[in-house]
Amino acid sequence: MFATPSQESERLLVGREAEIARLTDITQRLGTGRGTVLEIAGDPGIGKTRLMGVLAELAEQHGIAVARAHALRGNTVRYQVFRDACGHRSPACLAAGTDEETTFRSVRARLAKWAAAGAGAMLLLDDIHLCDPASAELAARLIHTAIPGPLVIALAHQPRRTGAHLLEALDHGVRGGSVVRIEPRPLDTDAVATLLRNMPPPEHDASPEHRGPEPGGAELGEPFPEFVTRLRAASGGNPRHLRILLAGGPHPDEWPDRPGPDPNAMLRAAVPLTAELDALAPDAAAVAAAAAVLGDPFRPEDIAQVARLELVRADVLRPLAPGGRLAFRHPLLRHVAHERAGVSALSTAHRRALDLLAARGASAVEQARHAEHLVGADASATVRLLTRGAAEVLPDAPATAVRWLRSALEKLPSGDRPTPERATLMLEYCRALSAAGRLDAARHIAHEVLRDDTCLTEELRLKACAVRAAAERQLGRFAEAEASARTALDALPRPLPARAAEPVFEYGVLHLFRGTYRQARALVDEVVAATTSAAEAAAEPATNPAAIALVRTLATVGAGYLGDTAAAIPALHDCVRLVDGMPDAVAARTPELLALLGCAELFTERFPAAAHHMRRGLTLARAGGPQQMVPHCLLGLSYADQESGRLDRAEQWALEAERVARATGATDAIAMSKAMRVGAMVWTHRRCDSPEVIALAEDGARTAQPGWWAGSAAMQLAMVRLISGDPGGCSDALLEGGGGRDLRLFQPNYHPMLLAMLSTSALLTGDAGAARRWARAGDLAADRLGLPVQRAHVDRAWAVLYLADGEHLMAATLFEQAALGFRRAGRPIHQAWTLVAGADSVEAARGPATAADWLETAVRLADLHGAVRVHEEAAAAQGRSAAARTAADHSATAGTPPAAVALLTDRERQIVALVTAGKRSRDVAEQLFLSPRTVDAHLARIYRKLNVSSRTALTSLLLRTDAADPTPDPMPHPDRTRPTGNR
């Protein structure tokens, strides 16, 4: 009664740790003489047989005897599964015509004797739902009785196909505790990713236009998270379905409409599913093929009643709801049934299905699913169906729209010369390709349309130029994109009409990406005015509403980019109302809309609102919508999270953007993704990791094409260098990347921050005069913009200047003002960094207790947001402060006032010299161009540093200092010029 363990169980099992732990426990308990009934229940392909194999292996390791067998589909031999398990030792009662009671008693006694003969025994019966009625009855009786000794009876089955009597016995045992039930759950995304890493690559070699995204990249080394998530959803977490799907090479955007570009490979991998279909009666098999043609879901009345019942019993079809429609158990089963039919039979079946749907008034999408399979039918009617279906499905499934439009083009008669009908169809095909992320193919089609434009009307020519410009721009070919957009604009009358919205949008967004939006702003504003007038007067009802919304949003983004907040903020409110009121299906038809709106909100420091719109755009794309703006949304989310302190998530968004950009060939997005990553990494990594972070930032800045994203990459590089202790490198990055001292290549809405960085860098490199000039320029830029975060950056730069001059009271005030500005704007990392930078000044001005509070707040914020670098600097500042206090205490105890006097700044020594000469606070203030209050604040700080309480004590201390240290007076002369940091 021994059987060889299954080879399946020897292979890697992923995501089944909990199930294996339970099997291990059952095996170990058997060694103590306790047996049980084990039920492993689940859908086909979920891993029941492999878990049986694991159980057999565990039994073998513990010296436990194993008998194993599979029930056979269609078997009519009584007790077949028990006979196969027992082999040549099968009890005679199983072969003879013994009554059921005698057979049960004989088998049970035989099992008890077998289990008692050694360390225990296991009877493993797989696919028990397929067994003959006698075997099912015997199994049910064994379950209902106590297990004889150290024996495990394991049954694997599909509950939907198991007989009622056996199901009732199993359920009764589970309730009573005599049956252990294991129901393998669908694999999660982590398990699917692990399987992908260990699976061999598929054998098919689809063309780039048909090929789906690769599971991983050579440079990134991991499966795409989005690909894993969508593949897990497509397979339902079923391991068998996953293997079959990968064999067919699915494109996630086309699932579940198509299984992949290689149906033959799918059929080879789907042998278990094919066997299920082959086991059906001929009538039922024919109906299954018809159901596959109808697609999921379909109505019961659309197929023969008797065959429908058989298919449900066989678990090929499942009802979606009581009295509702039916669907295949899994889409893969439908595809297998569909692909096994011949071309001629399929065409006839799809024609009948199409007639049925047309008579019912079904949607164009439902009809188009059948029209693409028609052979030799009315070409013009088929083309119309496919075109209408593609237009409807484009926002949700652009890959399906691509397939239908390609099919329509193939069915459309072609003559020697192009026609307007064909050109229109090709342009829609080009838009669909772009939305599906196939940018090179879209560019090729756009060029084909314009190659012979003699057939194009003015409207078609405008659209063709706009479509070509979009394709060129998305591939980073800015010169070609501008030439195409200019060709359309030059052919239009002046002033520009509303119908110029599409080419003007392409022209304007191109200049936005090139960093030269100022050149296009007048044209964009002109078309915004034209579309507004046309809408109010209904003069041009044919104008594309989506293009109008796009061009208005572009005008808002452009104004924000140029720092014209007075125009951008009111217009932004209108755009938000317009876009938020759009249904998802409408918003998805204009993929740039949500990304651009999010950019406008980033430019005006509305980070939560920007993240909301970027997430909406990303959600639409991940649900199968247009793909070309995915990198933009991901990068926008990365920046919004970086600014809001969600550093880990910001880095993950940037990594995903890089993967998507590599898959679509968007080289600029790859460079910007690296820059965005370092924006988070500079805070999450330690100081010793700075070379690695700087190298990545330099790579992003070096590979970015000149324009908006190149400027952004240069800004990130400058920030990383400054934080990493390279102020000279920061200045170089800003001056070179910005095109000179006027920073003309950087977007003006960030000029205050950049000027503040230049000020701090100049100060750290010893050029205090330049630092003051940069800070004053930053003041003017911040006043012009009126953006709180930009103002906070400039305030911090001024605070650093005052700190360098020893003006700690003013420095502390400005550090506090900047930190408060960052906190109110929701910028916790910069708030913490500011508190660390201002700790020395606040200790000098307000005492060590306040400084300690600042540093503790900085540490708390750093730990909360994972800002390792901020924590590192705050801890170092805490150490310096503690050391200074210890030294001061020691000096006071030892009576060595000269060391205490050395703690004073130049300004404080000036004040001490005048006060000890008998000057009043008002006199000191006049002589040093300060206010009396500032002088008193300085005196209070001096008293704390020198541990004295009055002017008399201060004078006495200085006399003792002179006696102890006869060197020349270190105090600067009271007539010294004003500090370089004065604002």
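Reader: What should I know about the ground rules?

Author: This is a predicted model, where local features need pLDDT of at least 70 and side-chain atom pairs count only at pLDDT 80 or more, while totals for chains, interfaces and linings use all residues. Residues are numbered from 1 along each chain as its sequence is written, and side-chain values use heavy atoms, with hydrogens and water left out.

Reader: How many helices and strands are in the protein chain, and what makes a run count as one?

Author: The protein chain has 49 helices and seven strands.

Reader: What about Gly173, buried or exposed?

Author: Gly173 has 3% relative accessibility, so Gly173 counts as buried. You'll find Gly173 in helix H7 (residues 164–176). Setting aside neighbours within four places in sequence, Gly173 is in contact with Ser178 and Val179; contact means heavy atoms within 4.5 Å.

Reader: What makes Tyr79 stand out in its backbone, and is Tyr79 buried or exposed?

Author: Phi of Tyr79 is near 60°, a positive value in a residue other than glycine. Tyr79 counts as buried because its relative accessibility is 3%. Look for Tyr79 in the loop between strand E2 (65–70) and helix H3 (80–86). Asp127 also has a positive phi, near 50°, and lies in the loop between strand E3 (121–126) and helix H6 (133–144).

Reader: Where is there a cis peptide bond, and what is omega?

Author: The cis bond joins Arg494 and Pro495, with omega about -5°. Pro495 is placed in the loop between helix H23 (478–490) and helix H24 (501–514).

Reader: How do H39 and H40 run, roughly parallel or roughly antiparallel, and why?

Author: The axes of H39 (residues 788–804) and H40 (residues 808–824) come within 8 Å and cross at roughly 160°. Angles under 35 degrees count as roughly parallel, over 145 as roughly antiparallel, 65 to 115 as roughly perpendicular and the rest as oblique. So H39 is roughly antiparallel to H40. The axes are lines fitted to C-alpha atoms, for helices over the stretch in contact, with angles from 0 to 180 degrees between N-to-C directions.

Reader: Which residues make that contact, and how do they split by class?

Author: Among them are Trp798 and Tyr802 of H39 and Phe815 and Phe822 of H40. The contact of H39 with H40 has 13 nonpolar, four polar and two charged residues. Ala, Val, Leu, Ile, Met, Phe, Trp, Tyr, Cys and Pro count as nonpolar, Asp, Glu, Lys and Arg as charged, and the others, Gly among them, as polar.

Reader: How do H36 and H37 cross?

Author: The axes of H36 (residues 727–737) and H37 (residues 751–764) come within 8 Å and cross at roughly 145°. Their contact includes Leu734 of H36 and Met757 of H37, and by class it has eight nonpolar, two polar and no charged residues.

Terms used: Helix = DSSP H or I, 4+ residues; strand = E, 2+ residues; numbered from the N terminus. Buried < 20%, exposed > 50% of the residue type's maximum accessible area, 1.4 Å probe, protein only.
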